[in-house]
Structure formats: structure tokens, C-alpha cells
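Me: I would like to learn how to read a structure like this one, feature by feature. Could you take me through it?

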Amino acid sequence: MKVTSSIKQNYEFRRVYNAGKSAATGLIVVYCRRGLRGRSRLGLTVGTKVGKAVVRNKVRRRLKEIYRLHEAEMRRGFDVVIVARVKSQVATYQQLEKDFLRLADKLGLREDQP
């Protein structure tokens, strides 16, 4: 069951960047903020420095899938923005997943933290 919607508007991304918490690794940066609606929302940012369109879409698909698979573990009511860094273009799926889960734990986004 899908419980997360998308962040699409620029002002919504800026709100998360300015008023939220963040954590980073060499591959990704995760920003989070308590949502206004009580429903979780996800935004993805993959800049042109990451590569051409095919590479950017591959990274975006991987990040979406990682979030989708772990969506049940996430606490509800947060706006989450994931920003891919340049190194993410050569990272494996497992590396991206490991980094995302580590940052989610650090920010307190997961319910069953180890």
C-alpha cells in the first residue's frame, strides 16, 4: 500500500531545505521535516552534474525503489528530500541502500531502529 506522495513544487523543496534536518554521506544527502498534512511525502533531486539523462534517471529509479521497499519502516508524517551527489552515478544499489538506511536512522525516520 502506497502511503507516500511526491513533493513536486519548488517552494515545498525549499521549505524542507530551510526548516528541516539533514544528514549526508559521499553518495546522498537526506533532508527531512515534519509534514504539515500528517502524510509522508518524498522528493528526489538529481542534478545535471550527476550525468546525462539516462544516468540521472537510473539513480532516481534506484532511490525511489530503495524508499519504496523500506516505506513500511518509515515514520509517518515526514517530508523527505533525497539529493543525489555526483558519486552516486557509479555507486551500486547496495551502497545507495546502505547509505540511505544509515541516514534515515541518524535522522530518526525509521520506526524500528537498531
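Me: Is Leu 42 buried or exposed, and what is its relative accessible area?

Reply: Buried means under 20% relative accessible area, exposed means over 50%, and partly exposed lies in between, with a 1.4 Å probe and protein chains only. Leu 42 has a relative accessible area of 11%, so it is buried. Please keep in mind that this is a predicted model, in which local features need pLDDT of at least 70, side-chain atom pairs count only at pLDDT 80 or more, and totals for chains, interfaces and linings use all residues. Residues are numbered from 1 along each chain as its sequence is written, and side-chain values use heavy atoms, with hydrogens and water left out.

Me: Where does Leu 42 lie, and which residues does Leu 42 touch?

Reply: Helices (H or I, at least four residues) and strands (E, at least two) are DSSP runs, numbered from the N terminus. Leu 42 belongs to strand S4, residues 40-46. A contact means heavy atoms within 4.5 Å. Not counting residues up to four places away in sequence, Leu 42 touches Thr 4, Ser 5, Ser 6, Ile 7, Tyr 67, Val 80 and Ile 82.

Me: What about a loop: where is the place of Thr 25?

Reply: Thr 25 sits in the loop between strand S2 (21-24) and strand S3 (28-34). With 12% relative accessibility, Thr 25 counts as buried. Its contacts, leaving aside neighbours within four places in sequence, are Arg 85, Asp 99, Arg 102 and Leu 103.

Me: And which side chain makes a polar contact with the side chain of His 70?

Reply: A polar contact is a pair of N or O atoms within 3.5 Å; within protein, one must be able to donate a hydrogen and the other to accept it, and residues adjacent in sequence count only if both atoms are side-chain atoms. The side chain of His 70 makes such a contact with the side chain of Glu 97, at 2.7 Å. His 70 is in the loop between helix H2 (53-69) and strand S5 (78-84), and is buried at a relative accessible area of 11%.

Me: Where is Arg 110 found, and with which side chains does the side chain of Arg 110 make polar contacts?

Reply: Arg 110 is in the segment after helix H3 (93-107), and counts as buried at 12% relative accessibility. The side chain of Arg 110 makes a polar contact with the side chain of Glu 73 (3.2 Å) and another with that of Asp 105 (3.5 Å). Leaving aside neighbours within four places in sequence, the contacts of Arg 110 include Met 74, Arg 75, Leu 101 and Ala 104.
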